Amino acid sequence: MAEGLSATEVGKEIGSHAEHAREHAGGLIHRHDRLLTIVEAVLLSVVTITAAWSGYSAAKWQTESSLKLAKASATRAEANRAFEEALTLRAQDASNFNAWFTAYLAGRKTEARVAEKRFRPEYDVAFRAWLATRPFTNPNAPKGPQYMPQYKPTGAAESARLDAQANAYYAAGAHAAGHADDYIRVTVILASVLFLVGISSHFPLRAVRLGLNVVGLGLLIFAAIEILRLPAPP
């Protein structure tokens, strides 16, 4: 008949199993900690690279915005110069026409002819078209050559073109500045991820570390989606 185990042997056996269980659990704990540390290292690496790219993109878009706004300012100055030129020529045309009109009404034909010769070629075209409307007998005739569609003072069209181009440059600069702000916002989010993952290793509780890493991963995914939606740097 087999001999049964004594109470001492049973106690030793239970203690042996308990010790084995603790060792096994300790091995699992260390293994989980190592995996969590690897995850944290991977997260930090990805976030660092992504944050660097986001910061670079923000800087490039900010530079693009500055260049476009500078071009808008320079083009606006050119448009103003062209507009001032058009105003000067318009004043000159009006002065020459007043001289002709005064001489014509006074019947001084020689003076009127001299005044006509002083007309600029562009103004003379509008003047001839105005005379064709019989302004001295036709009450519906335009008030003067400057009201004719043929009158196109030098600089007026150029001023309008440059002004429109300046508006386009300004809009592009504002648009680029908006992209720079978007990338800066993403960079701030990524900086938050770096902070969360960085402090997670200071907590002994695995649940806290895991929670911080999960939150960081969520923010990283959100930031990645935002970057994919934004245009690439110029």
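**Starting from a threonine**

Mentor: Thr63 lies in helix H1, where helices (H or I, at least four residues) and strands (E, at least two) are DSSP runs numbered from the N terminus. Before going on, a caveat: this is a predicted model, so local features need pLDDT of at least 70 and side-chain atom pairs count only at pLDDT 80 or more, while totals for chains, interfaces and linings use all residues. Residues are numbered from 1 along each chain as its sequence is written, and side-chain values use heavy atoms, with hydrogens and water left out.

Back to your threonine. Thr63 counts as partly exposed because its relative accessibility is 45%; buried means under 20% relative accessible area, exposed over 50%, and partly exposed in between (1.4 Å probe, protein chains only). C-alpha to C-alpha, Thr63 is 9.4 Å from Pro234, even though 171 residues separate them in sequence.

Now compare another threonine. Thr50 is also found in helix H1, which covers residues 7-106. With a relative accessibility of 17%, Thr50 counts as buried. Its side chain reaches the backbone oxygen of Val46 at 2.7 Å. That's a polar contact, meaning N or O atoms within 3.5 Å; within protein, one must be able to donate a hydrogen and the other to accept it, and residues adjacent in sequence count only if both atoms are side-chain atoms. Beyond neighbours within four places in sequence, Thr50 touches Leu190, Leu220 and Ile227, contact being heavy atoms within 4.5 Å.

Of its 234 residues, 28% are buried. Among contacts with a separation of 6 or more, 75% join residues 24 or more positions apart.

Helix H3 (residues 121-131) has Tyr123, Ala126, Phe127, Ala129 and Trp130 as its buried residues. Seen down the axis of H3, these fall within an arc of 165°, so they line one face of the helix; the arc is that of the directions from the helix axis to the C-beta atoms.

Then the charges. The whole structure holds 11 salt bridges, each a side-chain nitrogen of Lys or Arg within 4 Å of a carboxyl oxygen of Asp or Glu. Arg128 pairs with Glu116, closest N and O atoms 2.9 Å apart. Arg128 lies in helix H3 and Glu116 in helix H2 (residues 109-117), so this pair ties together parts 12 residues apart in sequence. Arg128 is partly exposed, at a relative accessible area of 41%.

Glu111 bridges to Arg108, with the closest N and O atoms at 2.6 Å. Glu111 is partly exposed at 42%, and Arg108 is partly exposed at 38%. In helix H4 (residues 156-200), Asp182 and Arg185 sit 3 residues apart, about one turn of the helix. An α-helix has 3.6 residues a turn, so residues three or four places apart point the same way. The closest N and O atoms of the Asp182 and Arg185 salt bridge are 3.2 Å apart, and Arg185 is partly exposed at 44%. Finally, Asp93, Arg120 and Glu122 are linked in a network of salt bridges.
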